[in-house]
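Work through the exercises below with the structure at hand. Try each task before reading its solution.

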Amino acid sequence: MYPVLRSLALQLHSAVTGSYVSGTHSIAFINCLNEQIAKDIARAIMDKKLAAYVNILPKSLALYFWKGELEESTEILLLVKTRTSKIGELSNYVRSIHPFEIPEIISLPIDQGNPLYLKWIEESVPRD
């Protein structure tokens with residue numbers, strides 16, 4: 001219930017003051033095994049209208065521990081711009097379609113940014 005009340009309070013504050021409320025939008029980071037999987041997941045996210053924008057960043061080297069062993073692989077990173085209120089739904093959906101046993105899906109709130117861009121995110125991603 002608290003997230004719903006917080007969301008309503010943020011919408012009211014923004015409507016009354018005409019200003020951006022820090023944390024209204026977030027950027028999510030999702031790792032993918034290869035470019036095709038990244039494109040498929042990005043398109044699925046966009047088809048569900050869970051984001052306004054998804055960047056697909058090129059291959060990077062990843063080092064991590066998995067089942068007690070140090071692993072090294074290449075990955076593609078998605079940067080997903082969306083409403084903070086959509087992060088839970090986004091995370092659940094990506095986990096349901098992602099081939100990794102435990103995909104990286106983390107998010108950070110957007111503190112500040114170009115007001116017109118933030119407004120565009122707001123208009124592009126439907127409210128809950």
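**Exercise 1.** Find how far apart lysine 39 and glutamate 35 sit in helix α2.

*Solution.* Start with the sequence positions. Lysine 39 and glutamate 35 are four residues apart in helix α2, so about one helical turn separates them. Helices here are DSSP runs of H or I with at least four residues, and strands are runs of E with at least two, numbered from the N terminus. Next, check the pair. Lysine 39 forms a salt bridge with glutamate 35, and their closest N and O atoms are 3.3 Å apart. A salt bridge puts a side-chain nitrogen of Lys or Arg within 4 Å of a carboxyl oxygen of Asp or Glu. Finally, look at accessibility. Lysine 39 is partly exposed at 40% relative accessibility, and glutamate 35 is partly exposed at 44%. Buried means under 20% relative accessible area, exposed over 50%, and partly exposed in between (1.4 Å probe, protein chains only).

This is a predicted model: local features need pLDDT of at least 70, side-chain atom pairs count only at pLDDT 80 or more, and totals for chains, interfaces and linings use all residues. Residues are numbered from 1 along each chain as its sequence is written, and side-chain values use heavy atoms, leaving out hydrogens and water.

**Exercise 2.** Decide whether lysine 86 is buried or exposed, then find its salt-bridge partner.

*Solution.* Take the accessibility of lysine 86: at 7%, this residue counts as buried. Its partner is glutamate 89, with the closest N and O atoms 3.6 Å apart. Glutamate 89 is partly exposed, at 40%.

**Exercise 3.** Work out which residues join arginine 127 in a salt-bridge network.

*Solution.* Begin with the pair. Arginine 127 bridges to glutamate 122, with the closest N and O atoms 2.8 Å apart. Then extend it. Shared partners join Arg83, Glu122 and Arg127 into one network. The count of salt bridges comes to six.

**Exercise 4.** Locate the largest nonpolar core and name the element that gives the most to it.

*Solution.* First, the rule: a nonpolar core is a set of buried Ala, Val, Leu, Ile, Met, Phe, Trp, Tyr and Cys residues joined through side-chain atoms within 4.5 Å. The largest one has 20 residues. Ile30, Cys32, Ile45, Leu78, Val80 and Leu90 have the most contacts inside it. Next, the elements. β1 (25-32), α2 (35-47), β3 (69-83) and α3 (87-97) each supply at least two residues of this core. α2 gives the most, with six residues. Last, look apart from this core: another core has five residues, including Ala52 and Ile110.
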